[in-house]
Number of protein chains: 2
Amino acid sequence: MSQGSINSDLAKERQKATFNVENLSVLLHGGPAKLKRKRYIENLVCEDLFYRQLKPWSYCSIEEQYENALIKHIHAKKQIEKHGIKDRNDLMTYRVSAFPHEADPIGINTSMFIPALEQQGTEEQKANWLPLAHQETIIGTYAQTEIGHGTFLRGLETTATYDPKTKEFVLNTPSLSATKFWPAGLGKTANHCVVVAQLYTQGKCHGIHIFMLQLRSLEDHSLLPGIETGVIGNKFGFGTNDNGYLKLNSVRIPRDNMLMRYSKVLEDGTYIRPENPKVTYGVMVLVRSFIVRNAAVFLAEACTIAIRYSAVRRQSELTPGGIEPQILDYQTQQYRLLPLLSTAYAFHFASTNMTETYERISQQIEGGRLDQLPQLHALAAGLKAFTTYASSAGIEICRICCGGHGYSHASGLPKIYVCAVPGCTYEGENTVMMLQVARYLMKCYRDKQQGRSLPGFVSYIGESMEKKSFMGADVSFTCLIKAYKHRAARLIEEAAKQMQSCIQAGSPAHVAWNKSSVQLFLAANAHCHLFCVENFIDSIRDCKVDSNTLKVLNEVCQLYGVHGIIENLGEFMQDNFLTGQHVDYLQKKMLTLFELMRPNAVALVDAFDFPDHKLESCLGRYDGQVYQALYDYAKMAPMNQTEVHSTYYKHLRPLMSGNSKL
Amino acid sequence: MSQGSINSDLAKERQKATFNVENLSVLLHGGPAKLKRKRYIENLVCEDLFYRQLKPWSYCSIEEQYENALIKHIHAKKQIEKHGIKDRNDLMTYRVSAFPHEADPIGINTSMFIPALEQQGTEEQKANWLPLAHQETIIGTYAQTEIGHGTFLRGLETTATYDPKTKEFVLNTPSLSATKFWPAGLGKTANHCVVVAQLYTQGKCHGIHIFMLQLRSLEDHSLLPGIETGVIGNKFGFGTNDNGYLKLNSVRIPRDNMLMRYSKVLEDGTYIRPENPKVTYGVMVLVRSFIVRNAAVFLAEACTIAIRYSAVRRQSELTPGGIEPQILDYQTQQYRLLPLLSTAYAFHFASTNMTETYERISQQIEGGRLDQLPQLHALAAGLKAFTTYASSAGIEICRICCGGHGYSHASGLPKIYVCAVPGCTYEGENTVMMLQVARYLMKCYRDKQQGRSLPGFVSYIGESMEKKSFMGADVSFTCLIKAYKHRAARLIEEAAKQMQSCIQAGSPAHVAWNKSSVQLFLAANAHCHLFCVENFIDSIRDCKVDSNTLKVLNEVCQLYGVHGIIENLGEFMQDNFLTGQHVDYLQKKMLTLFELMRPNAVALVDAFDFPDHKLESCLGRYDGQVYQALYDYAKMAPMNQTEVHSTYYKHLRPLMSGNSKL
């Protein structure tokens, strides 16, 4: 892209901001040292000519995308070594900077294969395999999902049957629906995997366990006997990743290939069950906390693109015959974008909280205290579902807000969307996640009714509360929190009562559950929403930042709370907690907040501090030279490398002369 | 895909339907003769080996997609001729069947270039160009949108300056932002276009006019002097279409190339203005009515895929330890899919109404009566925006409801989505459309206040109405319509009052408009929603169909009305028109309707009568053999044609041995 001066509209936006962007960036990134380090690492990628000379991803075929991802992986590995990057956060910064919104086909070796070995393997197993996996001689993946089975792990069909005669497990895919499907890197890259299968020994099934399986020869990468694998075919996104399938036909592996840190199968086939099966929850929670962070980041990126573009784009007229205004000056555009911006901030703070909570509770778990695990698990499942839904829907709104150009890959937005939206599905389908939260909330509700006290962030459940809101025209934080608490508590109670009335009408518990699951879903959703609002308010109450920045953050936070009520108004009004008068206050406050936030909109997205090379967007560039960038993007298209395309001679010319021979 | 028997779950679903699917299909397709004809034409495509032997679209590169589209266009043209297909509807049936969810790069020649000539050209111009355009010697496109200018036509910058000395127009792209951008087929296919430009003559600008411009030589397709064009680069979807850009550098065209049916420039440069500029509204309305129809069809297709798959897919457990249930049995899945199914039906009837209204009013316009034009224009703009928003968001929900497999191109859903969602943007950006409806509604409101009567479907505005709903537990159609009317009337009144209060506070009218535009948007949205509900109820009240089918249609219709209130509850409760008691009725009714509709869900999507080759979906197949189809799709992937991919030798082997040289 051509380098130029800053678009004058964007320059003016930055001048008129009422706060210091750098101060906010420092706050968002955890202090000046961390922000500096982040920029240093992003800059390594930005200045590395190697990345810049690769063909732009959107002009690559699937095979080119895959190959480029391998090339990038190898290059990144060397650079990471060369620059001595070792810290977990630094590594992640480098990788998301080098692989923006795309998957590294070898990434799963680090993100899931190695952690599975570390957590489930015995010391000998770890000593055997981990060094090879770290040096990427063994390239592993995690083969769990099957073509007919996803989130419900007990439904998996793949079998591992112990044969005491040879002291081996025999792995099989007993039906078409048992075919492993979707694991990243499984199609063409991985030479090993951990495979999740139903363990049979001494004629009995002991449920799912994890086994190490070599897929391909380390000599020539050919498939080992009994193994069929390949890619699953092209997808909405993730072209860089060879998601694959796997069929097993009586594949024999040594007994030692079962990961036996917890469960064991002895030589004679005796099964030893694990002491505490809950210990393995940890990874799941950690992975979900990454998804929450990504949901926050993806939405923030989309807002950055749409808001910068809306400051540059001029369209139609406000004053008759006057200059075309920046589209960000239209109230309808503010209505679509500013609440999303506030959501991105809310999710940022939610993600920060979740990471901290995870670390705190993890230490307790390591120390053998498991009492906070259900709470952590519910938080992770709920926030994962709540943020990925809102983030992916929000990204599409940002894209549509960019008009026609949003539809071009030049905008960068389609790639962000197709990278974000699978978060609604993988690592626990969102509806299932929400219902898990609901199960936890129902347990809390019962506990409270039986006089037990509840942990911090669910303590509002079953409390007696005001029947009406005291909200005034100022719409205070206190009144916002009370409103969200009231709504969540009411919906939880309603769901519990609906369950009860189904049971009283004669339904078994599981039928009552299903018949109440819409209510349960809404209750869980309201609980997660409350968490995000209350946590946002708490986070900025405690934060150390100058008063100008704090004032702006307060506005953003208030908009998040106000808009969330307006969007879900019925749930707040149904029992008259909020009345028409309150709604009037809320609507007026929302419009006032739009006016207050409008001058800071660009500065608020600048504070996220995304480098241009990570956004990959002609519309979201820091310099705002959008039309030149779109034109340059067009010129690069492979089809533009000849004036007359080859199809003219083959097809158009005969058509034009009426002589097509097809 | 392999052929097999019908999946037993799907077969059972079809057996237990309470109505005759064929009867409903006949109703939806306008009678037995039309349904038969539709099937006959679809079958021509289905049985044509030519289409089947093409490489599946999702495995094609962009250039292959484009080339295949040209090949298909040429083949389709011959088949259409061979089978003597001439009726406009039949042609459309053939084309959408042969080009499912993709654009024909020559299609715009028929859909916009020729109609522009027909409507704006003089008799001589038509005689000159139309025969050549029909035989596709001239391949034209419609060059309107510019890189910096979209929906707001007055903002276009391209100039056509008349030079009386040579009796020519000189066409110019005066700036980067004036570059024509997005026109279909402009990049590599078209050799002509009509170009929309600001007309200058005798030193004065007369606004935008349309000019015929030859882009490329008819001898060798090379670009003519002063013309720069090319594709705009890859996009979210529409890979088959070479959307292009165009820059003009003092390109001279004869005076006769201005389309002069209405406006004229005489030889000396005198400008003659048109008698009635409104006449040209017709095409715009027609195109928008097609978009509404497509929105209905796309959503119906997505529902077909998601509901059939949800009947085949089994997951988790309802009864502890029991068989995994069909996911369609989960209330949460019904909550997501059944309201969308009802929406697809509502939009079907809305589209039918709109087409009929268009034809009726068009005849009046031809006869010189223009009084109903504003009403028609508002209906078209509003329904276009309302249906495309809801349809595209709904398609994504359907896709996510299919879990991981929904993300694969094998599901067919991503292609439907990327084909549907641009409908929110093109032919009038949706927010702008909604605000045009609002402008019409504000005029109606003023008219009513001044004692004038309003035309049929806006006559409710400003009427005195009940202050409270009389809705009972049965939730009658009458009470539903009253509720939607009340909400729309109230929001229209509120928007009008807000405008007024802004004006009284000293804002100029255009500022007041912008400051009220969120309210105006909501008012227009409520009006369109009312139209869809009322029209659905009216349509089935009058329809001739057996009583079993009618009963089911009534349930679908009631769900559409009930769910729409629940989703927008605040707007119905804000002035206490609906109370908590009503909400209770509505929620219970919704759950009851889920139970009533559940046994008919598959039959209701079967009635849409989409052939498999049009859905292009492994998950939505009529026979329900989804896992075999997914596996077959995977096997076809180009990357699976070798066991060891070429990248192994180039990249993986050196990596694994620690010898990468990159």
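Which residues in α3(A) meet which residues in α6(A)? In this predicted model, where local features need pLDDT of at least 70, side-chain atom pairs count only at pLDDT 80 or more, and totals for chains, interfaces and linings use all residues, side-chain values use heavy atoms, with hydrogens and water left out. Residues are numbered from 1 along each chain as its sequence is written, while chains are lettered from A and ligands numbered from 1 in the order in which they are written.

On the side of α3(A), the residues are Arg37(A), Lys38(A), Ile41(A), Glu42(A), Leu44(A) and Val45(A), and they meet Asp90(A), Thr93(A), Tyr94(A), Ser97(A) and Ala98(A) in α6(A); contact here means heavy atoms within 4.5 Å. By class, these residues divide into 5 nonpolar, 2 polar and 4 charged, where Ala, Val, Leu, Ile, Met, Phe, Trp, Tyr, Cys and Pro count as nonpolar, Asp, Glu, Lys and Arg as charged, and the others, Gly among them, as polar. Helices (H or I, at least four residues) and strands (E, at least two) are DSSP runs, numbered from the N terminus. Helix α3 of chain A covers residues 32–46 and helix α6 of chain A covers residues 88–98, and their axes come within 9 Å and cross at roughly 40°. Axes are lines fitted to C-alpha atoms, for helices over the stretch in contact, and angles run from 0 to 180 degrees between N-to-C directions. The two helices α3(A) and α6(A) are therefore oblique to each other, given that angles under 35 degrees count as roughly parallel, over 145 as roughly antiparallel, 65 to 115 as roughly perpendicular and the rest as oblique. In its crossing, α3(A) passes α6(A) in a right-handed manner; a crossing is right-handed if the near helix is turned clockwise from the far one by less than a right angle, and left-handed if anticlockwise.

Further along chain A, helix α16 (residues 517–542) packs with helix α17 (residues 547–567) at an angle of about 165°, their axes being 10 Å apart, which makes α16(A) roughly antiparallel to α17(A). The contact draws on residues of α16(A) including His529(A), Phe536(A) and Ile540(A), and on residues of α17(A) including Leu550(A), Tyr560(A) and Gly564(A). By class, this contact has 10 nonpolar, 4 polar and no charged residues. The crossing of α16(A) past α17(A) is left-handed.

Helix α16(A) also has helix α14 (residues 477–504) of chain A as a partner, and the axes of α14(A) and α16(A) come within 8 Å and cross at roughly 160°. That angle makes α14(A) roughly antiparallel to α16(A), and the crossing of the two is left-handed. The contact of α14(A) with α16(A) has 16 nonpolar, 5 polar and 4 charged residues.

Chain A also contains an open sheet of 3 strands in the order β4-β8-β7, with antiparallel pairing; two strands pair if DSSP finds at least two bridges between them. At its edges stand β4 (180–181) and β7 (227–231) of chain A, each with a single partner strand, so one side of each is left without a neighbour in the sheet. Strand β7(A) is joined by 5 bridges to β8 (residues 244–248) of chain A, the two running antiparallel, and Thr229(A) stands opposite Leu246(A) in β8(A). Across β4, β7 and β8 of chain A lies helix α22 (residues 626–636) of chain B, which runs at about 110° to β8(A).

In return, helix α22 (residues 626–635) of chain A lies across β4, β7 and β8 of chain B, at about 110° to β8(B). A rotation of 180° with 0.0 Å of shift along its axis superposes chain A on chain B, with an RMSD of 0.0 Å, copies being superposed by least squares on the C-alpha atoms of residues with pLDDT of at least 70 in both. The two copies are thus related as by a two-fold rotation axis, and in chain A the C-alpha nearest that axis belongs to Gly570(A), 2.1 Å from it.
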